[in-house]
Amino acid sequence: DATAAGATAAKELIALGLENFAFVGMGGRDWSRRRADAFAAALHMNGKVLSLLDVQSVGKDNKRLQTWLDGLSKPCRLFAASDAIAATVLSVCRSSGIAVPDDISIVGVDDNVELCESTSPTISSIHPDFRQGGRLAARLLARKLTRTGEVPQTTVFTIPGIVRRGSTRRTK
């Protein structure tokens, strides 16, 4: 649920305090735009301002990403549309001397444990309910194969929470 992911990220990052917020998404991807829209709406409801950047592919727009990150007001709370984008943001921050989480706190989406736990600092991430997603996919497949299966009431799966790691822990 891209909308729930955006709202969850906003709630988490607003709770960290401060006024500066940013979003890095994947250009041309509907799921990324829905996450950005929900994040922006939740921030707007709380009187917060948002800076947005879309990259065209993970790891390919690093110079543009670095220039944008350098120009953000800090400290800043950043929501990345995926864990892969969050890892790229973290890498660019490290190479340009931006301290994470002190200058920029980062939250990703998907809770890709291998990726999130292999960075320094580790990446906080929104954890979708993949079991529910698997059940939904199985029901959709059964319906397609038999044309008599139960039609799921929903086509999205929920966000049970966030896994907090080093990228959102304040050290100062």
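Here are some friendly notes on the predicted model shown above.

1. Confidence first. The protein chain has a mean pLDDT of 86, and 85% of its residues score at least 70. Helix H4 is where confidence is highest, with a mean of 96. At the other end is helix H6 (residues 130-146), where confidence is lowest, at a mean of 68. Please keep that in mind when you look at H6.

2. Overall layout. The protein chain has six helices and six strands. Following the sequence, you will read the pattern α-β-α-β-α-β-α-β-α-β-α-β. Of the contacts in the protein chain with a separation of 6 or more, 75% are accounted for by residues 24 or more positions apart.

3. Surface and burial. The protein chain has 172 residues, and 42% of them count as buried. Its accessible surface is about 8900 Å², with 52% of that belonging to carbon and sulfur atoms.

4. Which residues of H3 (residues 62-71) are buried? They are Leu65, Trp68 and Leu69. These residues lie on the same side of H3, because the arc they cover around the axis is only 100 degrees. As a reminder, an α-helix has 3.6 residues a turn, so residues three or four places apart point the same way. On the face turned away from the buried side of H3 you will find the exposed residues Lys63, Thr67 and Gly71.

5. What H3 packs against. The partners of its buried residues are strands S1 (20-26), S2 (49-55), S3 and S4 (104-109), together with helix H4 (83-95). H4, one of these partners, is also the element where confidence is highest.

6. Aromatic rings. The count of aromatic pairs comes to three. One of them joins Phe39 and Phe79, with 5.0 Å centre to centre and 55 degrees between the planes.

7. Cysteines. How many disulfides does the structure hold? The number is zero. For Cys93, the nearest cysteine sulfur belongs to Cys76 and is 9.3 Å away. A disulfide needs sulfur atoms within 2.5 Å, so Cys93 is in no disulfide. Cys93 is buried, with a relative accessible area of 0%. Cys116 also counts as buried, at 0% relative accessibility.

8. Ile123, a loop residue worth a look. Is Ile123 buried or exposed? Ile123 is in the loop between helix H5 (113-117) and strand S5 (124-127), and it is buried, with a relative accessible area of 0%. Beyond its neighbours within four places in sequence, Ile123 is in contact with Asp83, Ala86, Ala87, Leu90, Gly108, Cys116, Arg165 and Ser167. Cys116 in that list is itself buried. If you want a distance to check, Ile123 and Val109 are 9.7 Å apart, C-alpha to C-alpha, and 14 residues apart in sequence.

Key
Residues are numbered from 1 along each chain as its sequence is written. This is a predicted model: local features need pLDDT of at least 70, side-chain atom pairs count only at pLDDT 80 or more; totals for chains, interfaces and linings use all residues. Side-chain values use heavy atoms; hydrogens and water are left out. Rings of Phe, Tyr and Trp (its six-membered ring) pair if their centres lie within 6.5 Å; planes under 30 degrees apart count as stacked, over 60 as edge-to-face and the rest as tilted. Buried means under 20% relative accessible area, exposed over 50%, partly exposed in between (1.4 Å probe, protein chains only). Helices (H or I, at least four residues) and strands (E, at least two) are DSSP runs, numbered from the N terminus. The arc is that of the directions from the helix axis to the C-beta atoms. Contact means heavy atoms within 4.5 Å. Accessible areas come from the Shrake-Rupley method with a 1.4 Å probe; for residues, only the protein chains shown count as cover. pLDDT is the predictor's confidence in each residue, from 0 to 100.
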